[in-house]
Amino acid sequence: VAADPDCGREVGGLVVDDEVWSASEGAVHLTANMMVMDDASLTIEPGVRVCMSEGTGIVVRGAFVARGTESEPIVFGPDVEGVDSGYWSNISLTTTTPDALFDEAGEYVSGAIMEHVDLSHGGGGESVIGLVETHNVAVFFRDVSISESETNAIAINAETGEGTLPLTRIVSSDFHNYGAHAVWIYGYGLD
């Protein structure tokens with residue numbers, strides 16, 4: 001099955017500098033796995049469509065900001081129609097990703113965020129535990145929709161099983177048709 005011709009420019013591989021995806025440049029087609037390195041950042045602006053090729057995913061070691069709007073959400077989905085859940089892998093944010101920070105009033109200030117983001121048909125792969133995985137990093141999820149995940153919608157975990165639970169916040173989000181749990185937390189010594 002051929003990829004949707006509207007999927008846009010092809011991306012993948014290592015991101016070593018700051019990169020911005022904007023709707024004015026059209027859709028983005030992830031054709032190979034991508035890793036955002038420690039000193040780099042990936043910013044995704046409102047209205048961007050990210051077409052995910054089969055089995056691909058994004059590992060974030062640097063900064064990650066995906067902020068859509070209600071009228072212009074960011075959409076991650078398969079690059080072809082008619083596929084099952086688990087078609088693409090996931091988005092994995094690691095311990096070196098800057099934590100989401102909040103001011104005294106609880107308002108978002110900076111750090112890892114997914115806001116007005118729709119993700120579907122991911123969560124596939126042998127070692128994938130969530131369509132979005134956080135590895136001992138605080139992420140702010142607001143108005144996120146995850147559907148058709150082969151596994152957990154969001155997996156919040158510690159790689160070593162030690163440390164404190166980062167202040168991840170999930171607000172006004174919707175998870176449906178996932179293979180295991182909406183949100184799975186493990187590795188923190190929780191009973």
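I looked up the largest nonpolar core first, and it has 40 residues, of which Trp-21, Phe-76 and Leu-119 touch the most other members. I took a core as buried Ala, Val, Leu, Ile, Met, Phe, Trp, Tyr and Cys residues joined through side-chain atoms within 4.5 Å. Buried is under 20% relative accessible area, exposed over 50%, partly exposed in between (1.4 Å probe, protein chains only). Strand 3 (residues 28-36) gives this core its largest share, four residues; strands are DSSP runs of E, at least two residues, numbered from the N terminus.

This is a predicted model, so I kept its limits in view: local features need pLDDT of at least 70, side-chain atom pairs count only at pLDDT 80 or more, and totals for chains, interfaces and linings use all residues. Numbering starts from 1 along each chain as its sequence is written, and side-chain values use heavy atoms, without hydrogens and water.

Then I listed the contacts (heavy atoms within 4.5 Å) of Trp-21. Leaving aside neighbours within four places in sequence, they include Val-11, Val-28, Met-34, Leu-42 and Ile-58, and also Arg-9 and Glu-45.

I noted a second, separate core of five residues, among them Ala-100, Phe-102, Ile-113 and Phe-140.

Next I checked for non-glycine residues with positive phi. Asp-143 has a phi of about 55 degrees and lies in strand 14 (residues 140-149). Asp-143 counts as partly exposed because its relative accessibility is 28%. Asn-177 also has a positive phi, of about 55 degrees, and sits in strand 17 (residues 174-178). At 48% relative accessible area, Asn-177 is partly exposed.
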